[in-house]
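Here is a walk through one protein model. Keep the sequence and the 3D view side by side as you read.

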Amino acid sequence: AVVSTQSTGEKLETYSWYRKPGSIPMRIFGLLISFAMKVNDVHDYLTKEANVPPFVSVIGLIAIPLFVSLLIFLACISTAHTLWGKPKAPHTIGFQSSKQPPQTPAEPAEEKKEQ
């Protein structure tokens, strides 16, 4: 959509909702850029001031967060299993409620006596 301004008569094109600077996707993109710049600063510090070889710095900046994320994920799964029990296999869900318990031989005899 094209919008003209009143003062200059200049035609400006409007942005779609996800491209506006205040939209949620653009805020998230800005946060990701900020995070990338901070990781770059840490890498520069490690390689220039701490004299860590660049490949060790890159491996550390990738492997350590991945390892920590994996530990957090496993801790969440372990906690869920502890609190709510192990989930049932998908092919068994719903079958337990449809089965009726077997009747004992004493039950049919009692029903006949009552009638």
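The paragraphs below go from the overall fold to single residues.

This is a predicted model, in which local features need pLDDT of at least 70 and side-chain atom pairs count only at pLDDT 80 or more, while totals for chains, interfaces and linings use all residues. Residues are numbered from 1 along each chain as its sequence is written, and side-chain values use heavy atoms, with hydrogens and water left out.

Start with the overall layout. The protein chain has 4 helices and 2 strands. Along the sequence they follow the pattern β-β-α-α-α-α. Both kinds of element are DSSP runs, numbered from the N terminus: helices are H or I with at least four residues, strands are E with at least two. The chain has 115 residues, and 3% of them count as buried. Buried means under 20% relative accessible area, exposed means over 50%, and partly exposed lies in between, with a 1.4 Å probe and protein chains only.

Helix α1 covers residues 24-49, which is 26 residues. From first C-alpha to last, α1 reaches 37 Å, close to the 38 Å expected at 1.5 Å a residue. That expected span is 1.5 Å times one less than the number of residues. Helix α2 covers residues 54-84. It has 31 residues and reaches 45 Å, close to the 45 Å expected.

What sits in the loop between α1 and α2? Asn51 has its place there. Its phi is positive, near 55°, in a residue other than glycine. Asn51 counts as exposed because its relative accessibility is 62%. After α2 comes Gly85, whose phi is also positive, near 85°.

Now look inside α2. Ser57 lies in this helix. Is Ser57 buried or exposed? At 2% relative accessibility, Ser57 is buried. The side chain of Ser57 makes a polar contact with the side chain of His43, at 2.7 Å. A polar contact is a pair of N or O atoms within 3.5 Å; within protein, one must be able to donate a hydrogen and the other to accept it, and residues adjacent in sequence count only if both atoms are side-chain atoms. Val56 is also found in α2. Val56 is partly exposed, at 38% relative accessibility.

Phe67 is exposed, with a relative accessible area of 52%. Together with Ile64, Val68, Leu71 and Ile72, Phe67 makes a nonpolar surface patch of about 490 Å². Patches are made of residues with over 30% relative accessible area and no salt bridge; like charges are joined within 9 Å, and nonpolar side chains (Val, Leu, Ile, Met, Phe, Trp, Tyr) within 5 Å. A salt bridge is a side-chain nitrogen of Lys or Arg within 4 Å of a carboxyl oxygen of Asp or Glu.

Finally, the aromatic rings. A search of the whole structure finds 1 aromatic pair. The rings of Trp17 and Tyr18 have centres 5.5 Å apart and planes at 85°, so the pair is edge-to-face. Rings of Phe, Tyr and Trp (its six-membered ring) pair if their centres lie within 6.5 Å; planes under 30 degrees apart count as stacked, over 60 as edge-to-face and the rest as tilted. Trp17 is exposed at 62% relative accessibility, whereas Tyr18 is partly exposed at 41%.

Technical notes: Accessible areas come from the Shrake-Rupley method with a 1.4 Å probe; for residues, only the protein chains shown count as cover.
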